[in-house]
Amino acid sequence: RRAGLLARAGREEEALEVLRPLLERRPNAYDVHFLQAQILLRVARPADALRSLGVCMGRSPGPEVVLLTGIALSLAGDSNGGKRLLRAVHERFPTDRLVQLWLIACTLEDGEKESAAEYAARFLAAAAPDRVAAEIEETLADGYMPEAIRERVTRWVVSAASRHAERSKS
C-alpha cells in the first residue's frame, strides 16, 4: 500500500525500494508484481516490467496484465509481440481508448498507416470533436507512453479528426 502511495506521488524509485523486501518474502505475489510492473513502465524500464508481468501472466493472465505486457513488449522493441497482445485485448474490449491509442502507436511505428487510421477512427467515434487532444492526454495520463510517441499519436489522431471534419463538410 505504501509503495502505491509513493508511486502516485511521483516517488517511483522509493516505491520500488518498498516493494523489494515484499518480493523477497513473497516472490510469486501477483499484486506486488503487478504494481512493480506498473511503476517500472512509468520509469521507462519495460524489460524489468516484463519480468514482473511474466509472473502475473503465469498466475492470472487477465486483460489488465495482457494490456500491460503488450505495452511493455512494444516499449522494449518487440512491436509484433506487443501488437499481438494489444489486438487480443482490443478484441475483448473494442472501445477501450487506451488500447486504441497504443495500437495506433504500434501500427504507426511499423508503417501500417491503414491500420493506424482504423484505430484512430474508432477512437474518434467516441471523442468530442473539440476535445480530441485533451481526451488523448486524459487517456494516456497513466504515464506509460513516452512523450515522443504520445506527441506522434496525438498529431496523427488530431490530423485524422481534421480530415474527417473536412470530409463531413463536403
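In the predicted model, the second largest pocket has a volume of about 190 Å³. Its lining comprises 13 residues, and those nearest the centre are Ser74, Ala105, Cys106, Glu109 and Ile149. Helices H5 (63–75), H7 (97–109) and H10 each contribute at least two residues to the lining of this second largest pocket. The greatest contribution is that of H7, which provides five residues. Classified by side chain, the lining of the second largest pocket consists of eight nonpolar, three polar and two charged residues.

The largest pocket has a volume of about 350 Å³. It is lined by 17 residues, of which Leu124, Ala160, Ala161, Ser162 and His164 are the closest to its centre. Two or more lining residues come from each of helix H8 (113–125), helix H9 (132–139) and helix H10 (147–169). H10 accounts for the largest share of this lining, with eight residues. By class, 13 of the residues lining the largest pocket are nonpolar, two are polar and two are charged.

On the H8 side, the contact is formed by Lys113, Ala116, Ala117, Ala120, Phe123 and Leu124, which meet Trp156, Val157, Ala160 and Ala161 of H10. The residues of this contact divide into nine nonpolar and one charged, with no polar residue. Leu124, Ala160 and Ala161, which take part in the contact of H8 with H10, are also among the residues closest to the centre of the largest pocket.

A further helix pair is formed by H3 (residues 30–42) and H4 (residues 46–59), which pack at an angle of about 155° with their axes 8 Å apart. Since an angle over 145 degrees counts as roughly antiparallel, H3 is roughly antiparallel to H4. The crossing of the H3 and H4 helices is left-handed. Residues Tyr30, His33, Phe34, Gln36, Ala37, Leu40 and Leu41 of H3 meet Pro46, Asp48, Ala49, Ser52, Leu53, Val55, Cys56 and Arg59 of H4. In this contact of H3 with H4, 10 residues are nonpolar, three are polar and two are charged.

Conventions
Residues are numbered from 1 along each chain as its sequence is written. This is a predicted model: local features need pLDDT of at least 70, side-chain atom pairs count only at pLDDT 80 or more; totals for chains, interfaces and linings use all residues. Side-chain values use heavy atoms; hydrogens and water are left out. Axes are lines fitted to C-alpha atoms, for helices over the stretch in contact, and angles run from 0 to 180 degrees between N-to-C directions. Helices (H or I, at least four residues) and strands (E, at least two) are DSSP runs, numbered from the N terminus. Angles under 35 degrees count as roughly parallel, over 145 as roughly antiparallel, 65 to 115 as roughly perpendicular and the rest as oblique. A crossing is left-handed if the near helix is turned anticlockwise from the far one by less than a right angle, and right-handed if clockwise. Contact means heavy atoms within 4.5 Å. Ala, Val, Leu, Ile, Met, Phe, Trp, Tyr, Cys and Pro count as nonpolar, Asp, Glu, Lys and Arg as charged, and the others, Gly among them, as polar. On a 1 Å grid over the protein atoms alone, a cavity is a set of points where a 1.4 Å probe fits but cannot get out, and a pocket is an open set with protein on both sides within 12 Å along at least five of seven lines; lining residues have an atom within 4 Å of a point. Grid points are joined across faces, edges and corners, and a volume is the space filled by probe spheres set on the points.
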